[in-house]
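Please keep the sequence and the structure in view while reading.

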Amino acid sequence: MRIFVDCDPGIDDALALAYLTAHSDVELVGVGTVFGNNSVDVTTGNALRLLRLYGRPDVPVSRGAGRPLVQPPTLAESVHGANGLGDIDVPEADAVPTTESAAEALVRAARSAPGEVDVLAVGPLTNLALALGLEPELPRLVRRVVVMGGAVRVPGNVTPWAEANTANDPEAAEVVFAAGFDLTLVALDVTMRATAPAAWLDELKTLEGDRACTTSSFLDFYVGWYSKALGERTCAMHDPLAAAVLLDPALATEALEVPVRVELHGTHTRGLTVADLRSNAADDDRPAVRLVTEVDTEAFFTRMMDALR
Ligand code: RIB
Ligand code: CA
C-alpha cells in the first residue's frame with residue numbers, strides 16, 4: 001500500500017505514524033504537515049522527529065500550510081503540550097523538509113502512480129484543498145482518502161458542534177468533501193467511542209524500547225487532558241483509528257454513504273459537518289462520502305498495541 005499522510009503532530013498523529021510505520025506492507029510515499037495542534041514549524045519538526053523515532057527517517061516530509069484558507073489559526077497546546085508532543089524532548093532528526101510544499105508533494109505522488117496512492121488526512125484539510133487547486137483531477141488520481149474529522153451525530157470537541165480539524169479550516173473541508181474523492185470519514189462519532197481503556201494504557205507502560213516508552217510518555221500529557229475532560233483515565237485515539245481503518249477497511253463494521261457539507265456561515269455552528277441522512281439522499285447532487293458509524297474497537301486496540309511493541 002502506498003500512503004501519503006497529511007498531519008499536524010500532535011500526540012494522536014504520532015500514534016498514527018507509529019501504527020503505519022509498524023506495517024511492512026505500507027510504503028509511506030510522503031508526509032505533509034499543516035498547522036493545527038501547533039504551528040506548522042512545530043508540526044514539521046515533530047513529523048521529522050517522529051519518523052526518526054519510529055525507524056523511518058528516510059520518508060520525505062513536506063511542510064504545508066501555516067494557516068487556514070480564510071480564518072486565523074487556532075492551536076491546541078492545552079491538549080498536546082507546548083511542543084505538540086506532551087512536552088517530551090524527542091531527539092532532533094538529521095533530515096530536513098523537502099523543498100516542495102505538502103500540496104505539491106501530494107500532487108506529485110498522485111501523478112507519479114495514478115490510482116495507487118491512498119491519503120490519510122488527520123489534520124485540518126488545508127493542504128488537500130490547496131492540492132485540488134493545483135490538480136483538479138486529484139480525486140481520480142488518488143485511490144482513496146481517509147479523513148479524521150467532523151462530528152455528524154455527536155457534539156463537537158472545540159465548539160458544541162464542530163470537531164477540531166474541520167473547525168480549523170471549514171472552507172478547506174467543504175472543498176474536499178465536495179471534490180468527489182473516494183472518501184471515508186472517521187469522525188468523532190466513532191473516535192469518541194474508541195477511547196483507550198486504563199488497562200490498555202497500563203499495559204503499554206510494561207512494553208520496553210524507545211518506540212513504546214516514548215509514545216507512552218507523550219500519552220501521559222494527553223491522557224491528563226482527556227481524563228480531566230471525561231472524568232476517567234483515558235484518551236481518544238482519533239488519528240490512529242483513522243490509520244487503522246485505512247489499512248483495513250473491515251475495521252469499520254458499519255458505515256453510511258451520505259453527502260456531507262460543512263457549515264460556513266452559522267452564527268454558532270461554523271465548522272459543523274452536516275450529513276444528508278434522508279433515505280432519498282441519492283437525489284442530492286453532492287457526491288456521497290463513507291461515514292463510519294461503528295468500528296471494531298477491540299481489534300483496533302490489539303493492533304495498536306502490537307504496532308508499539
Ligand atoms: O479532533 C481531533 C483531531 O484534531 C485529531 O486529528 C487531533 O490530532 C487534532 O488534530
Ligand atoms: Ca491530527
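Which residues of α1 are buried? They are Ile11, Asp12, Asp13, Ala14, Leu15, Ala16, Leu17, Ala18, Tyr19, Leu20 and Thr21.

## Basis of the report

The model is predicted, so local features need pLDDT of at least 70 and side-chain atom pairs count only at pLDDT 80 or more, whereas totals for chains, interfaces and linings use all residues. Residues are numbered from 1 along each chain as its sequence is written, chains are lettered from A and ligands numbered from 1 in the order in which they are written, and side-chain values use heavy atoms, with hydrogens and water left out.

Helices (H or I, at least four residues) and strands (E, at least two) are DSSP runs, numbered from the N terminus. Buried means under 20% relative accessible area, exposed means over 50%, and partly exposed lies in between (1.4 Å probe, protein chains only). Contact means heavy atoms within 4.5 Å.

## Two helices with buried residues

Eleven of the eleven residues of α1 are buried, so this helix is largely enclosed by the rest of the structure. The peptide bond from proline 9 to glycine 10 is cis, with omega near -15°.

Helix α13 (residues 297–308) has twelve residues. From its first C-alpha to its last it reaches 17 Å, close to the 16 Å expected at 1.5 Å a residue; the expected span is 1.5 Å times one less than the number of residues. Its buried residues are Ala299, Phe300, Phe301, Met304, Met305, Ala307 and Leu308. These pack against α1 (11–21), α10 (198–206), α11 (210–230) and α12 (238–247).

## Helix pairs around α5

Two packed helices are described by the angle between their axes and the distance between the axes. Axes are lines fitted to C-alpha atoms, for helices over the stretch in contact, and angles run from 0 to 180 degrees between N-to-C directions. Angles under 35 degrees count as roughly parallel, over 145 as roughly antiparallel, 65 to 115 as roughly perpendicular and the rest as oblique. A crossing is left-handed if the near helix is turned anticlockwise from the far one by less than a right angle, and right-handed if clockwise.

The axes of helix α5 (residues 126–134) and helix α8 (residues 170–178) come within 8 Å and cross at roughly 55°. The two helices are therefore oblique to each other, and their crossing is left-handed. On the α5 side, Thr126, Leu128, Ala129 and Leu132 meet Ala172, Val175 and Val176 of α8. By class, this contact has six nonpolar, one polar and no charged residues; Ala, Val, Leu, Ile, Met, Phe, Trp, Tyr, Cys and Pro count as nonpolar, Asp, Glu, Lys and Arg as charged, and the others, Gly among them, as polar.

The axes of α4 and α5 come within 8 Å and cross at roughly 60°. That makes α4 oblique to α5, and the crossing is right-handed. Ala102, Ala103, Glu104, Leu106, Val107 and Arg111 of α4 make the contact with Asn127, Leu128, Leu130, Ala131 and Leu134 of α5. Eight nonpolar, one polar and two charged residues take part.

## The pair α10 and α11

The axes of α10 and α11 come within 9 Å and cross at roughly 145°, in a left-handed crossing. Trp200, Leu201, Leu204 and Lys205 in α10 meet Ala212, Ser216, Leu219, Asp220 and Val223 in α11. This contact has six nonpolar, one polar and two charged residues.

## Individual residues

Valine 29 belongs to strand β2 (residues 27–33) and counts as partly exposed at 22% relative accessibility. Its C-alpha atom is separated by 7.0 Å from that of alanine 109, 80 residues apart along the chain. Not counting residues up to four places away in sequence, valine 29 touches Arg2, Ile3, Phe4, Pro60, Ala109 and Val117. Glutamate 116, in the loop between α4 and β4 (117–121), is in contact with Arg2, Leu141 and Arg143, leaving aside neighbours within four places in sequence.

Asparagine 168, in helix α7 (residues 164–168), is buried, with a relative accessible area of 9%. Aspartate 87 lies in the loop between α3 (77–80) and α4 (102–112) and is partly exposed, with a relative accessible area of 44%. Aspartate 87 has a positive phi of about 60° although it is not a glycine.
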